[in-house]
Amino acid sequence: MSDYILSCCSTADLTREHFETRDIHYICFHYELDGKQYLDDLGQTMPFDQFYSAMANGAETRTSQINPGEFVDYFTPFLEQGKDILHVCLSSGISGVFNSAELARKELSEKYPERKIYVVDSLGASSGYGLLMDRLADLRDSGMGLDELCQWMEDNKLNMHLWFFSTDLTFFVKGGRVSKASGFVGNVLHICPLLNVDYKGKLIPRFKIRGRNKVIHEIVKKMEENAQDGLAYNGKCYISHSACLEDAQAVARLIEERFPNLNGKVEIYSVGTTIGSHTGPGTVALFFWGSKRTN
């Protein structure tokens, strides 16, 4: 057993069972649904189908990040057990949670000077952030020490590729990322934006693809262009989706056909309630290891 704990935020969008199996600890974000507050607890309190159904029926959502006091309360028991900590945060290009964790780290480092506490910005989100955590767990289990693991994380996190598409612009309009006029035209013409997370950890629109089938093939093409070793890619691949499982399965089938050396089957998860509050239903995200993100 290692002398440190590996930790992340619930926005890594894996299942509770996956985190428990890999011995990865997590702390939950918060969200509101029609004014009622909930924990983003990986679908335990509110099943994802119920959450996205409510959004589709007009429910209002808001999200709030974890505050420094919550991080202090979360980290303290590990430190009292004599454990060091590596906590990996949701991208600073999407959320300010890294700053909250840093404030907690500074406070606790004074109280527990004999302990090491590392807070690292993943520059990733959703199950791509989860795929990064899974790799860190592999390295920890192989015997990598805390300092070396933290450095590996900094050196390699930009090799994680994160591509997204949406078949419904409703919530992009609602969140102000797309104008009402563009959203109306886009929905009429079945425009599906294809986006990725850039080297600063920000979600960037890259292409406007017309039609569900075309965007499904285009996102797979991005993996062909960017995956380590191209079609010989032998790493893991994760997909997350917001209430559009059939689209996620269509992407997975194409990937398994095109990449015969994958490490296992494509694993499909749900986009969690924090990120899903902004994307709404109809989003598919694809995650894999590739060349370093430089733009």
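The structure is a predicted model, in which local features need pLDDT of at least 70, side-chain atom pairs count only at pLDDT 80 or more, and totals for chains, interfaces and linings use all residues. Residues are numbered from 1 along each chain as its sequence is written, and side-chain values use heavy atoms, with hydrogens and water left out.

The pLDDT is the predictor's confidence in each residue, on a scale from 0 to 100. Its mean over the chain is 93, and 93% of the residues reach 70 or more. Over residues 179-186 the pLDDT is below 50, and this stretch has eight contacts in the model beyond near neighbours in sequence. Contact here means heavy atoms within 4.5 Å.

Helices (H or I, at least four residues) and strands (E, at least two) are DSSP runs, numbered from the N terminus. Two strands are taken to pair if DSSP finds at least two bridges between them. An open sheet is built from four strands in the order β2-β1-β6-β7, with parallel pairing. Its edge strands, each pairing on one side only, are β2 (24-27) and β7 (117-121). From one strand to the next the twist averages 25°. Four bridges join β1 (residues 4-9) to β2 in the parallel sense, and L6 stands opposite I24 in β2.

Helix α4 (residues 97-111) packs on the sheet, where it touches β1, β6 (84-89) and β7, and its direction makes about 170° with that of β7. Helix α6 (residues 146-156) lies across β1, β6 and β7 and runs at about 10° to β7. For these angles, axes are lines fitted to C-alpha atoms, for helices over the stretch in contact, and values run from 0 to 180 degrees between N-to-C directions.

A disulfide is defined as a pair of cysteine sulfur atoms within 2.5 Å, and by this rule the count is zero. The cysteine sulfur closest to that of C89 belongs to C9 and is 4.7 Å away, too far for a bond. C89 counts as buried, at 0% relative accessibility; buried means under 20% relative accessible area, exposed over 50%, and partly exposed in between (1.4 Å probe, protein chains only). C237 is likewise in no disulfide, the nearest cysteine sulfur being that of C244 at 15 Å. The relative accessible area of C237 is 2%, so this residue is buried.

F259 lies in the loop between α10 (245-258) and β12 (267-270). Its relative accessibility is 1%, and it therefore counts as buried. Residues up to four places away in sequence aside, F259 touches M223, E224, A227, G230, L231 and Y233. F259 and E246, 13 residues apart in sequence, are 20 Å apart in space, C-alpha to C-alpha.

S277 belongs to helix α11 (residues 273-279) and is buried, with a relative accessible area of 8%. A polar atom of its side chain lies 2.5 Å from the backbone oxygen of T273. Apart from neighbours within four places in sequence, S277 is in contact with Y31, F51, M55, T61 and T63.

H241 is located in strand β11 (residues 238-241) and counts as buried at 10% relative accessibility. The backbone nitrogen of A243 is 3.4 Å from a polar atom of the H241 side chain. Not counting residues up to four places away in sequence, H241 touches A248, I268, Y269, S270, V271, T283 and V284.

Notes:
Polar contact = N/O pair within 3.5 Å; in protein donor to acceptor, adjacent residues only side chain to side chain.
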